[in-house]
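Colleague: Hi, I'm new to this one and would like a tour. Could you put the structure up and take my questions as they come?

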Amino acid sequence: MKALILGGGLTGCVVANELNKKGIQTIILEKNSYLGGGCHTFFYGGHPYTEGPRPLSIKDGKAFEYINSVIALRKFPLILDSYNEQDQKFYGFPIHWDDIQIMPDKDKILRELEDKPKVNDATNLEDGWINAVGPTLYGKYIKTYTEKMWEVESNKVFEDFSWSVKGSPIQHGDRMCRLGSVSESQLHAYPIEETGYNRFFEYCARNSEVYLNTVINKVDLDKKEVYISGEVISGDIIISTIALDDLLEGCFGELRYMGRDFHTIVLPVEYAFNKEHHFIYYPNQEKFTRIVEYKNLTGHKADSTLLVMEVPSHSNRLYSYNIKSEQDKAAKYMENLPSGVYAMGRLGTYKYLDINQCIASACEFADRF
């Protein structure tokens with residue numbers, strides 16, 4: 001059997017590795033000059049970075065062990081901050097009880113928390129957050145950040161808010177970024193090697209035929225044929241990690257995405273952030289959404305430091321919209337995939353999947369064969 005894998009990002013590489021273990025021939029077609037997609041490590045000023053921070057959250061251990069068996073990972077607590085221009089202060093993120101105690105409008109916030117509904121039956125993101133933490137904290141942390149991140153006039157367009165509230169809306173105790181229940185591991189991990197995850201992707205694709213810098217001109221899903229610069233490549237199955245509307249030529253309409261422009265800044269200081277704090281959210285009127293200090297993720301040693309500023313844009317497709325109309329459209333695409341054609345990964349499923357979910361889905365898929 002031969003599998004054509006469209007896209008050589010994290011999911012494409014892992015599914016190739018798993019299918020190769022089953023004796024299935026794999027061909028990876030990747031538009032970029034490198035594997036790994038958004039998890040690929042680049043260098044600027046001698047500093048390693050990825051386009052968007054890519055720490056691995058250690059939830060079930062599967063992804064950690066999967067990657068760590070190839071490249072060593074180091075564990076650490078993820079600590080995030082948020083800058084509030086109204087107060088001209090840096091607070092922790094997620095919202096922390098100790099920070100509320102030093103806010104100038106503390107009394108108002110405490111009254112709102114006391115008056116919040118016992119049951120959060122909201123039907124949109126804005127009301128969900130207001131019901132959870134009150135309007136003042138929602139305004140300080142969430143409202144403007146989310147609206148500019150997604151370029152929406154109101155956060156009420158998001159019918160679900162569970163994806164936005166990561167863990168408890170207000171934390172107590174330590175400053176670790178908690179992404180799940182207390183019983184789950186709260187540590188995160190990142191490769192020790194300077195090149196980050198790059199060697200992991202090369203390892204996963206070691207037994208595949210890899211086409212880099214490859215533009216797909218056409219895909220015949222029924223015949224399982226891919227047309228690239230005058231050449232036709234055929235297989236028995238197609239595994240697509242490219243955008244669903246690109247794969248099916250937009251037959252149900254264009255899917256809505258947000259992207260990011262990444263601006264690299266080297267500063268002549270060893271550290272710019274508080275030591276071991278990883279990135280800062282900016283929920284004010286700035287054009288950018290967050291800044292990442294990569295040394296605190298990568299462990300890179302240097303007298304200078306690298307910051308990467310993220311600005312919402314439409315120059316790439318990184319984030320799918322968790323809006324019912326868009327999710328319904330994506331579901332229609334999925335339902336109309338021909339037999340022997342499978343869609344996986346963030347773009348392929350139109351879902352914001354993390355590293356754990358991408359690796360788990362790739363392994364589960366390969367187990368069918």
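Colleague: Let's start with Gln88. Is Gln88 buried or exposed?
Modeller: Gln88 has a relative accessible area of 60%, so it counts as exposed, the cut-off being over 50%. Bear in mind that this is a predicted model.

Colleague: Where is Gln88 found?
Modeller: Gln88 lies in the loop between strand 7 (80-84) and strand 8.

Colleague: And what about its phi?
Modeller: Gln88 is not a glycine, yet its phi is positive, about 55°. Most residues other than glycine have a negative phi.

Colleague: Which other residue has a positive phi without being a glycine?
Modeller: Tyr350 is one, with phi near 60°. Tyr350 sits in the loop between helix 12 (345-349) and helix 13 (355-366).

Colleague: Is Tyr350 buried or exposed?
Modeller: Buried: the relative accessibility of Tyr350 is 0%, and the cut-off for buried is under 20%.

Colleague: Which aromatic cluster does Phe93 belong to?
Modeller: Phe93 forms one cluster with Tyr91, Tyr141, Tyr145, Phe279 and Tyr281.

Colleague: How many aromatic pairs are there?
Modeller: The count comes to 23 aromatic pairs. In the pair of Phe365 and Phe369, the ring centres are 5.3 Å apart and the planes are at 65°, so this pair is edge-to-face.

Colleague: How covered are those two, Phe365 and Phe369?
Modeller: Phe365 has 4% relative accessibility, so it counts as buried. Phe369 has a relative accessible area of 31%, which makes it partly exposed.

Colleague: Changing topic: where is the place of Leu307?
Modeller: Leu307 is in strand 18, which covers residues 305-313. With 10% relative accessibility, Leu307 counts as buried.

Colleague: What is Leu307 in contact with?
Modeller: Setting aside neighbours within four places in sequence, the contacts of Leu307 are His263, Thr264, Ile265, Leu267, Ala272, Phe273, Ile291, Val292 and Glu293. As for Tyr271, its C-alpha is 9.7 Å from that of Leu307, and the two residues are 36 apart in sequence.

Colleague: What about contacts across the protein, for residues 24 or more positions apart?
Modeller: Those account for 69% of the contacts in the protein with a separation of 6 or more.

Colleague: Now the overall picture. How many helices and strands are there?
Modeller: The protein has 13 helices and 20 strands. Its C-alpha trace spans about 65 × 50 × 35 Å along the principal axes.

Colleague: How does the radius of gyration fit with a compact globule?
Modeller: It agrees: a compact globule of 369 residues would have a radius of gyration near 21 Å, and the protein has 22 Å. Buried residues make up 55% of the 369 residues.

Colleague: And the accessible surface?
Modeller: The accessible surface is about 16700 Å², and 50% of that belongs to carbon and sulfur atoms.

Colleague: Last one: how many positive and negative side chains are there?
Modeller: There are 41 positive and 51 negative side chains, and the centres of the two sets lie 2 Å apart.

Technical notes:
Residues numbered from 1 in each chain as written. Predicted model: local features only at pLDDT ≥ 70, side-chain atom pairs only at ≥ 80, totals over all residues. Heavy atoms only, no water. Helix = DSSP H or I, 4+ residues; strand = E, 2+ residues; numbered from the N terminus. Rg over C-alpha atoms; globule rule 2.2 N^0.38 Å. Buried < 20%, exposed > 50% of the residue type's maximum accessible area, 1.4 Å probe, protein only. Contact = heavy atoms within 4.5 Å. Areas by Shrake-Rupley, 256 points an atom, 1.4 Å probe, with all protein chains shown as cover. Lys, Arg positive; Asp, Glu negative; His and termini not counted. Charge placed at Lys NZ, Arg CZ, Asp CG, Glu CD. Phe/Tyr/Trp six-rings, centres within 6.5 Å; stacked < 30°, edge-to-face > 60°.
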